[in-house]
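Biologist: Hi! Could you walk me through some helix packing here?
Modeller: Happy to, let's look together.

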Amino acid sequence: MKKKVLILLLFTILKVEAQTSTFFVVDSLFEKGRYKLALKKLKQIQPPSFLTNYKTAVIYESIDNYQQTAYFLEKALKLQDDEKAKIKLARAYQRLQQTHKAIKIYEEVVAKDPLNLVLKYQLGKLYLAKGNHKNSIPLFKNLIEQDVSNANYSYQLALAYAQKNDRDRMINSFIDTFKKDTTHLKAIAYLASSFHKLKDVDSTQLFVEKGLLLNKNHINLNKLKINQLYREEKYLESIPLLLNLDTIDKKDTYSISMLGRTYYNLDSLEQSKKHFKKLTRVDPENFKAFTHLGHIALKEKEYRTAWFNYQVATTRGKEKRDEEYYGLATMYYETNKPKQALVNFEKAYKENYKNYKALYQLATISDDYYKDKQIAYKYYKKYIETFEDKDQDMTSFIKKRIALIKEDYFMRGEKLDR
């Protein structure tokens, strides 16, 4: 009996030594990048153990085969409970976009080890990825309590509040992030964007400038700065920023469009035309490029070209096309075709009932074109009812015409529809 036990013990020792020797070979092969040979060696070890499955998973993880990584980690964990293997499995699930499985593992590990801030942080981000702000907010608050200096905890809390549509707490958390780390570019960009939405120009500019000092090529911050310069009519200042942006992001048509608009406002029509023509090639569905080409042609008195571009714009446009119909109407009016002008001014107004200029033109040209002044009178009245405070000169003119039309009809003893 003793002899049998001794033989069994000796066999076990030899087997363990053989496995240890094989693992040494496997590790050596893996370090040299011979992962296929390493996998072959591991497969030869029978029966499979926790360690053979775990090492196999690690090799698959190194070549980004996360499906196999998860498969062998699952097998390993059936043989032995191991925290390191669980965390690796959770990360493999994340890569496979099986977030719910990853969350379950992190929750289990964090419950056993609540002082593991790294895993808590990862769990919080997973909650965010699933849109679960109810769980992520208290978790990030707890992390901040345990490490008040960590800017990323405040940043993630801000994102959680953003999910909840809690604007004030979101901004406060982004500000808290910035206070802890004045180089936190993502928080700075969010603050600039948030203050822009609130129409707080000074705060927007403050964070835009701070962000661009950290990264002069930040696309969204550049756009915010360019848009502000454009609103302030500082067109020359915006051109270098737009040219730089055009080299950074070749796929985005924003810089091409804005260069066209900027040069148009500077009356550099050839430069403007060049960029809008480029825009029609890069993005044929961008009907506004044709609109602006129509505006340029109208300025240059190239009426046929203007007509063509406005027609393309009105055909391709899916949004409100009042600007396009207004341009087309202006072209007809300048070429002494008042009837067509009226048709298109009416279309412009119907496309956008807030376009007071279209209604004004519709009223004044109707006044000139029709002998029956009741048509113009109707439009004049509509203008006063809706846009009396829009433009002082237009309103003054319309009130005078209303008075004169009333007087004329009264003197002739004719009834004027009210």
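Biologist: Which residues in α9 meet which ones in α10?
Modeller: From α9 they are Ala151, Ser154, Tyr155, Leu157, Ala158, Leu159, Tyr161 and Ala162, and from α10 Arg169, Met170, Ser173, Phe174, Asp176, Thr177 and Lys180. Contact means heavy atoms within 4.5 Å. This is a predicted model, where local features need pLDDT of at least 70, side-chain atom pairs count only at pLDDT 80 or more, and totals for chains, interfaces and linings use all residues. Residues are numbered from 1 along each chain as its sequence is written, and side-chain values use heavy atoms, with hydrogens and water left out.

Biologist: At what angle do α9 and α10 pack?
Modeller: About 165°, with the axes of α9 (residues 151–163) and α10 (residues 167–180) 8 Å apart. That angle makes α9 roughly antiparallel to α10 (over 145 degrees counts as that).

Biologist: Now α20 and α21: what angle there, and how far apart are the axes?
Modeller: Helix α20 (residues 338–351) packs on α21 (residues 356–369) at about 150°, and their axes are 9 Å apart. So α20 is roughly antiparallel to α21.

Biologist: Is that crossing left-handed or right-handed?
Modeller: The crossing of α20 and α21 is left-handed, meaning the near helix is turned anticlockwise from the far one by less than a right angle.

Biologist: Which residues meet there?
Modeller: Among them are Leu342, Phe345 and Tyr349 in α20, and Leu362, Ile365 and Tyr369 in α21. By class, that contact has ten nonpolar, two polar and two charged residues.

Terms used
Axes are lines fitted to C-alpha atoms, for helices over the stretch in contact, and angles run from 0 to 180 degrees between N-to-C directions. Helices (H or I, at least four residues) and strands (E, at least two) are DSSP runs, numbered from the N terminus. Angles under 35 degrees count as roughly parallel, over 145 as roughly antiparallel, 65 to 115 as roughly perpendicular and the rest as oblique. Ala, Val, Leu, Ile, Met, Phe, Trp, Tyr, Cys and Pro count as nonpolar, Asp, Glu, Lys and Arg as charged, and the others, Gly among them, as polar.
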